[in-house]
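Dear colleague,

I am passing on to you the structure shown below, together with an account of what was found in it. Please read the notes alongside the sequence and the coordinates.

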Amino acid sequence: MDTEFSLTKESFNTKFAPLAALGLYFRQDGSLKSFDQVTCESGQADFAPATKLIQVLCSILAGCEYVYEVNSCLRSEKLLAHAWGFERYLEQSSLASGLNELSRTNLDQLEQVS
């Protein structure tokens with residue numbers, strides 16, 4: 001997936017261009033790969049824990065104070081999602097359940113990542 005930054009007259013754009021550039025940089029330098037170290041113990045995950053954690057990180061950087069703000073702030077931001085390596089942003093309920101499922105082991109793994 002190629003990402004290009006430029007002025008456009010297209011009807012689809014993102015108001016989070018600096019955050020998109022940051023996500024693209026993180027993907028290119030491999031910083032986000034470290035989130036793959038956080039594993040799912042339940043085995044029933046709809047999305048990888050790394051996907052949920054990276055999307056929560058992006059939501060924090062986008063100014064969301066609460067997880068529920070993801071639906072109104074980021075769900076429609078497909079270009080931003082693409083810059084971070086996702087097709088779309090997950091529903092806030094999926095992100096919240098992912099955070100609720102983190103075990104002490106997962107928190108230790110996350111601490112190692114950061």
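From the N terminus on, the elements of the protein chain run α-α-α-α-α-α. That is six helices and zero strands, where helices (H or I, at least four residues) and strands (E, at least two) are DSSP runs numbered from the N terminus. This is a predicted model, in which local features need pLDDT of at least 70 and side-chain atom pairs count only at pLDDT 80 or more, while totals for chains, interfaces and linings use all residues. Residues are numbered from 1 along each chain as its sequence is written, and side-chain values use heavy atoms, with hydrogens and water left out.

Of the 114 residues of the protein chain, 35% count as buried; buried means under 20% relative accessible area, exposed over 50%, and partly exposed in between, with a 1.4 Å probe and protein chains only. The chain exposes about 7,400 Å², of which carbon and sulfur atoms supply 51%. These areas come from the Shrake-Rupley method with a 1.4 Å probe, and for residues only the protein chains shown count as cover. Among contacts (heavy atoms within 4.5 Å) with a separation of 6 or more, 65% are between residues 24 or more positions apart.

The largest nonpolar core has 26 residues, and those with the most contacts inside it are F16, L19, F35, L74, L80, W84 and Y89. Such a core is a set of buried Ala, Val, Leu, Ile, Met, Phe, Trp, Tyr and Cys residues joined through side-chain atoms within 4.5 Å. At least two residues of this core come from each of α1 (17-29), α2 (49-61), α3 (69-73) and α4 (78-83). Helix α2 gives the most, with five residues.

F16 lies in the segment before α1 and is buried, with a relative accessible area of 11%. Leaving aside neighbours within four places in sequence, F16 is in contact with A62, C73, L74, E77 and L80. The C-alpha atoms of F16 and E77 are separated by 8.5 Å, although the two are 61 residues apart along the chain.

Rings of Phe, Tyr and Trp (its six-membered ring) pair if their centres lie within 6.5 Å; planes under 30 degrees apart count as stacked, over 60 as edge-to-face and the rest as tilted. Y25 and F26 form a tilted pair, at 6.3 Å centre to centre and 50° between the planes. The rings of F26 and W84 have their centres 5.9 Å apart and their planes at 75°, so this pair is edge-to-face. Because F26 lies in helix α1 and W84 in the loop between α4 and α5, the pair ties together parts that are 58 residues apart in sequence. W84 is buried, at 3% relative accessible area.

C58 is buried at 1% relative accessibility, and C64 is buried at 8%.

Yours sincerely
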